[in-house]
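Please read the report below with the structure open beside it. It goes through a few contacts and strands in turn.

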Amino acid sequence: MASLSSASVSLVRTPTHLPCFRSNHGKVQSLNRYSKTKTTHLSINSSLRMCSIAASDSPLSTSMYELSSKKVWIWTENSQVMTAAVERGWDTFIFSSQNQGLANEWSREIFDNAGERVATIFQVSTPSELKKLHPEAHHVGNVVIDLLDWQVIPAENIVAEFQGSKTTVFAVSKSPAEAQLFLEALEHGLGGVVLKVEDVKAVLDLKEYFNRRNEVHNRLSLTKATITQVHAVGMGDRVCVDLCSLMGPGEGLLVGSFARGLFLVHSECLESSYIASRPFRVNAGPVHAYVATPGGKTSYLSELKAGKEVMVVDQTGKMRTAIVGRVKIETRPLILVEAKIDANDQTVYSILLQTAETVALVCPHEGNRTQKTMIPVTSLKAGDEVLLRLQGGARHTGIEIKEFIVEN
């Protein structure tokens, strides 16, 4: 165990002095490490400095981790990594004291009114060491754990142990994948991560993950559209998307022939007298169709495969990400569905779907009024109302771009 305090002691059986700096009228805090039976990763003469950039220096001070109460500290000696982090709203750093110049460069002011512990560090490599970590141990507000052996089960145990506690538990992560594991343990995740990297790409990848998670807290704007035409077109290769998550009534995937307008295709979660429900499945459409994916991107249905992520959306626009577990492509009869936003609109939105009673489009949500959730394509007719997601039509590798484009 180690603590962030103002004391200065040795590394083995005594903490190594690790001063901490804040740049915006904060206190100098010191970071101490302690190992009961072994040395830490640091050499005896080494130390860490901690630097927090003023919030006004960070252009993204309302970043995802603040909005979701998840925190990110960066442990690095690479100024490019630090720059990338600050540009993305992560402004607290840990680095070795051998880079005193780097610390001074990134801290405009250093205050000397030290004395208050700000964190406790634990190295965990055995179950017995993990058991020593519990909320009743009178830790300071932050606890940093360095898991040297197992990661998933210890992280889950810590989440369970500290639930409801005011202590924020960080885990040292050497990659974005490790950070994601810690932030998702037992669904709730740890309170934060210390990303220990020297590669700018790791910061970019972790920020992209936070952006995807941030989408879940937003609601998509869905538009009411009126069906103008429904007719059979013949055979085609359609895609069933089976997810690693269950969907409920009103939920499905956004799919369409054109990226400018994606229809909300309902999942197969509803029971019928002829076939059991498949609440993990969306019979989404032909191989050419677009499907909404995290980050405001799209993918062709034919490109989906196990492990990729898609956006699950409900009637109200509430979103969540889901992992694709399996994709089935089979030849089936197709039906063409066309819709407009209003009668005077010249823009046509279309989707092709399998002709089957289990394939349906989601209806508009009308507050608390009782109404049907979806309409099977076999019952769909001109005048029916469904939900559309309107967006830019031009795409390059799934990313929306601004350019002139005509799609029919």
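The model is predicted. Its residues are numbered from 1 along each chain as the sequence is written.

**Aromatic rings**

How many aromatic pairs does the structure hold? There are 4 of them. Trp 90 has a relative accessible area of 0%, so it is buried. Phe 210 also counts as buried, because its relative accessibility is 0%.

A second pair is made by Tyr 290 and Tyr 300. Their ring centres are 5.1 Å apart and their planes are at 20°, so this pair is stacked. The cut-off behind that word is that planes under 30 degrees apart count as stacked. Tyr 290 is in strand S15 (residues 290-293) and Tyr 300 is in strand S16 (residues 297-300), so the pair ties together parts that are 10 residues apart in sequence. Is Tyr 290 buried or exposed? At 10% relative accessibility, Tyr 290 counts as buried. Tyr 300 counts as partly exposed, because its relative accessibility is 36%.

Ring pairs also join Trp 90, Tyr 209 and Phe 210 into a cluster. Another ring, that of Trp 75, has a charge over it: the charged end of Lys 196 sits 4.2 Å from the ring centre.

**Strands**

| Strands | Direction | Bridges |
|---|---|---|
| S11 (residues 223-243) and S22 (residues 385-390) | antiparallel | 4 bridges |
| S13 (residues 261-266) and S22 | antiparallel | 3 bridges |
| S8 (residues 142-147) and S9 | parallel | 4 bridges |

Which residue of S22 is the bridge partner of Thr 226? The partner is Glu 385. Elsewhere in S22, Leu 388 stands opposite Phe 263.

Strand S9 (residues 168-173) is mostly covered, with 6 of its 6 residues buried. The cover is on both faces: Thr 168, Phe 170 and Val 172 are buried on one side, and Val 169, Ala 171 and Ser 173 are buried on the other. Phe 170 in S9 has Val 144 opposite it.

**A loop residue**

Ser 245 is placed in the loop between S11 and strand S12 (252-258). With a relative accessibility of 22%, Ser 245 counts as partly exposed, because buried means under 20% and exposed means over 50%. Ser 245 and Gly 325 are 80 residues apart in sequence, yet the distance between them in space is 8.9 Å, C-alpha to C-alpha.

**A surface patch**

Which residues form a nonpolar patch on the surface? They are Trp 150, Val 152 and Ile 153, and together they have about 310 Å² of accessible area. Ile 153 is in helix H5 (residues 152-162). Ile 153 counts as partly exposed, because its relative accessibility is 39%.

Methods: Predicted model: local features only at pLDDT ≥ 70, side-chain atom pairs only at ≥ 80, totals over all residues. Heavy atoms only, no water. Patch = residues over 30% accessible without salt bridge, like charges linked within 9 Å, V, L, I, M, F, W, Y side chains within 5 Å. Areas by Shrake-Rupley, 256 points an atom, 1.4 Å probe, with all protein chains shown as cover. Salt bridge = Lys/Arg side-chain N within 4 Å of Asp/Glu carboxyl O. Helix = DSSP H or I, 4+ residues; strand = E, 2+ residues; numbered from the N terminus. Buried < 20%, exposed > 50% of the residue type's maximum accessible area, 1.4 Å probe, protein only. Phe/Tyr/Trp six-rings, centres within 6.5 Å; stacked < 30°, edge-to-face > 60°. Lys NZ or Arg CZ within 6 Å of the ring centre and 35° of its normal. Pairing = 2+ DSSP bridges.
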